[in-house]
Amino acid sequence: MSGQPQRALRMSYVVASVAGVAFFVMSVALLGWWPKRVLDEQSRAMGPEYVLPLSESARRGRVVYSREGCAYCHTQQVRYLHTDMARFGAPTLAWETRLDYPHLWGTRRIGPDLTRAAFTRSTDWHFAHLFSPRAVVPASVMPAYAALFDGAPDRPRQEARDLVAYLETLGRARELAAPEGEARAREACNCTDDEMAMMAFDGALNAHPGRARRTHEAPALPRSADLDRGRQLYGEHCATCHGATGQGDGPGARGLRPAPASLAEHEYSTDRLADVLWNGVWGTAMPAWRDRRPEDLAAIAEAVRALTRAEPNPPVPDHMVELGARVFRENCVQCHGDEGLGNGPAAAELAMSPSNFHRQRPSLDRAIRVLRNGIDGTPMAPWTARLSDAELIAVAHHVRGYYEGASAAPGGVRR
Ligand code: HEC
Ligand code: HEC
Ligand code: HEC
């Protein structure tokens with residue numbers, strides 16, 4: 001009688017260990033092996049066939065990124081949340097990080113997510129910011145990485161170059177794959193009835209409000225503007241680069257190519273300021289400010305206009321009118337356009353848009369200085385080798401003549 005329970009008890013150890021091992025194997029299979037297989041398959045199907053690997057420099061930059069602890073403050077994953085999508089863009093797809101090993105997703109966001117950092121900021125912006133974040137963004141708590149430089153933001157060491165090369169790869173694969181890549185991923189995902197999965201294909205890939213755009217389209221700003229508020233916002237966001245009095249000499253200006261414009265030496269139409277604030281200036285460190293309310297942008301525009309140093313408009317001597325027009329026709333129209341609208345045949349090929357003189361007027365001094373020295377870091381070259389002094393002055397007068405005043409029509413087109 002007593003033999004039976006004893007045997008059952010002895011067997012229970014065997015049953016327990018078999019069950020234990022089986023449970024372990026099952027867990028590994030269900031929680032480890034199976035999801036990895038599904039994920040591998042999914043990312044192979046959804047990703048492009050070929051993803052540009054990191055360059056040697058970017059690979060070294062990735063090591064600098066890990067070593068300097070950037071991942072303690074920055075994530076590299078846009079989540080499936082509307083707040084994330086509004087600020088950064090499309091949620092991260094698994095394939096985007098398939099070469100990212102060990103991953104640097106991070107868990108804390110003391111600074112913004114960097115998943116879509118590629119093509120968002122200019123290289124000179126990155127250098128100025130890494131060298132001294134508060135010189136560019138006054139309220140920043142990001143530490144300065146001046147040790148990656150030889151004493152100045154425009155003298156980056158190899159490590160700083162590598163780091164920025166790495167930042168320029170974040171989000172690059174998906175950007176380069178789109179829109180064919182998006183269509184392919186969407187098809188492979190086969191998830192049209194899964195509302196959450198579909199969020200990955202909603203809206204803009206990169207929604208960074210500071211990303212400069214090449215277009216000149218911008219919403220019209222409200223007509224009335226609060227100058228005091230504008231001055232305050234200018235002090236908080238713009239003075240770092242453009243200087244408190246708008247002379248282009250703020251602490252963040254050090255090392256930027258091209259340098260921030262001297263706002264004091266310009267008149268701008270409302271429309272031009274709306275364009276600059278909404279789109280930034282493509283090809284330069286000038287960010288866009290699309291996360292601001294239109295009333296704030298109008299206020300800032302008003303503050304910028306108030307910085308213009310009032311200068312009497314020098315009358316153009318008669319003999320210069322003809323000369324200026326001829327010099328312009330012979331030398332400047334391929335970029336600045338027949339009518340000075342910045343739309344010459346070469347304009348689309350340039351790294352940045354030539355000025356549209358209908359919407360902004362440089363002071364005579366500034367125009368002559370630009371013609372003598374060019375603008376460092378832009379396609380605008382010096383003209384002293386080609387033009388005489390009289391021709392320079394005449395054409396400087398000429399380009400100033402196009403300006404249509406503060407309320408020029410949208411696009412700056414004469415109506
Ligand atoms: C102590 C936290 C902290 C650390 C560490 C840190 N950052 Fe930041 N970072 C921030 C904060 C806060 C901001 C937002 C304010 C600003 O732009 O400076 C920021 C902004 C940025 C931006 C601009 C993002 C954008 O487009 O608006 C970049 C790029 C960046 N950091 C890169 C780095 C890199 C690279 C490192 C490592 C070398 C690093 N950060 C380390 C806190 C940090
Ligand atoms: C990171 C530095 C930086 C910050 C911050 C910055 N700017 Fe700029 N800004 C630039 C640079 C660089 C240019 C390009 C100059 C050029 O085109 O030669 C520029 C261009 C401009 C222009 C067009 C100038 C022209 O003549 O074409 C305007 C207007 C302007 N900025 C206004 C502002 C305002 C207003 C703010 C604040 C909301 C601001 N900027 C913030 C760097 C900055
Ligand atoms: C290769 C194309 C190109 C040619 C040719 C060219 N420019 Fe420019 N120019 C530019 C670009 C691009 C800018 C804008 C640079 C910037 O925003 O910093 C510019 C800016 C300027 C500015 C400064 C405007 C301002 O508001 O500060 C003046 C003045 C100017 N050009 C005059 C001329 C004149 C006059 C000629 C002919 C003698 C000429 N340019 C020929 C491309 C060109």
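This is a predicted model: local features need pLDDT of at least 70, side-chain atom pairs count only at pLDDT 80 or more; totals for chains, interfaces and linings use all residues.
**Ligand 1**

Of the 21 residues around ligand 1, those that come nearest are C70, C73, H74, S140 and M142. Two of these residues, H74 through NE2 and M142 through SD, coordinate the iron atom of ligand 1 at 2.0 to 2.1 Å. The arrangement is octahedral because the 6 donor atoms around this iron atom subtend angles of 87 to 178 degrees. H74 sits in the loop between α2 (56-67) and α3 (82-87), and M142 in the loop between α5 (133-136) and α6 (158-167), so the pair ties together parts that are 68 residues apart in sequence. Both H74 and M142 are buried.

The shell around ligand 1 consists of 12 nonpolar, 7 polar and 2 charged residues. Helix α4 (residues 123-131) gives the most to this shell, with 3 residues. Oxygen atoms of ligand 1 also have polar side-chain atoms close by, from R121 at 2.9 Å, from S140 at 2.6 Å and from H208 at 2.8 Å.

**Ligand 2**

Ligand 2 is surrounded by 29 residues, and the closest are C238, C241, H242, R272 and M286. Its iron atom is coordinated by NE2 of H242 and SD of M286, at 1.9 to 2.1 Å. Here the 6 donor atoms subtend angles of 86 to 179 degrees, which makes the arrangement octahedral. H242 belongs to helix α11 and M286 to the loop between α12 and α13, so this pair ties together parts that are 44 residues apart in sequence. H242 counts as buried because its relative accessibility is 12%, and the cut-off for buried is under 20%.

By class, the shell around ligand 2 divides into 22 nonpolar residues, 6 polar and 1 charged. At least two residues of this shell come from each of α11 (239-242), β1 (266-268), α12 (270-279) and α13 (294-307). The largest share, 4 residues, is supplied by α12.

**Ligand 3**

Around ligand 3 there are 24 residues, of which C332, C335, H336, Q360 and M380 come nearest. The shell divides into 15 nonpolar, 8 polar and 1 charged. α15 (333-336), β2 (360-362), α16 (364-373) and α17 (389-400) each contribute at least two residues to the shell.

| Residue | Ligand atom | Distance |
|---|---|---|
| H242 | nitrogen of ligand 2 | 2.7 Å |
| R272 | oxygen of ligand 2 | 2.8 Å |
| Q360 | oxygen of ligand 2 | 3.2 Å |
| H266 | oxygen of ligand 3 | 2.7 Å |
| H336 | nitrogen of ligand 3 | 2.8 Å |
| R366 | oxygen of ligand 3 | 2.9 Å |

H242 is a ligand to the iron atom of ligand 2 through NE2. Q360, whose side chain has an N or O atom 3.2 Å from an oxygen atom of ligand 2, is one of the residues that come nearest to ligand 3.

**Helix α8**

Helix α8 covers residues 180-189, and its buried residues are G181, E182, A185 and C189. These residues lie on the same side of α8, because they cover an arc of only 100 degrees around the axis. An α-helix has 3.6 residues a turn, so residues three or four places apart point the same way. E180 and E187 are exposed, on the other side of α8. After the helix comes N190, which has a positive phi, near 50 degrees.

V136 is part of helix α5. With a relative accessibility of 9%, V136 counts as buried.

Note on methods: Residues are numbered from 1 along each chain as its sequence is written. Chains are lettered from A and ligands numbered from 1 in the order in which they are written. Side-chain values use heavy atoms; hydrogens and water are left out. A residue is near a molecule or strand if one of its heavy atoms lies within 4 Å of it. A polar contact is a pair of N or O atoms within 3.5 Å; within protein, one must be able to donate a hydrogen and the other to accept it, and residues adjacent in sequence count only if both atoms are side-chain atoms. Ala, Val, Leu, Ile, Met, Phe, Trp, Tyr, Cys and Pro count as nonpolar, Asp, Glu, Lys and Arg as charged, and the others, Gly among them, as polar. Donors are N, O and S atoms within 2.8 Å of the metal (3.2 Å for Na, K and Ca); water is not among the atoms, so sites may look incomplete. Four donors count as tetrahedral if all angles lie between 85 and 135 degrees; four count as square planar and six as octahedral if opposite donors are over 155 degrees apart and all others between 65 and 115; anything else is irregular. Buried means under 20% relative accessible area, exposed over 50%, partly exposed in between (1.4 Å probe, protein chains only). The arc is that of the directions from the helix axis to the C-beta atoms.
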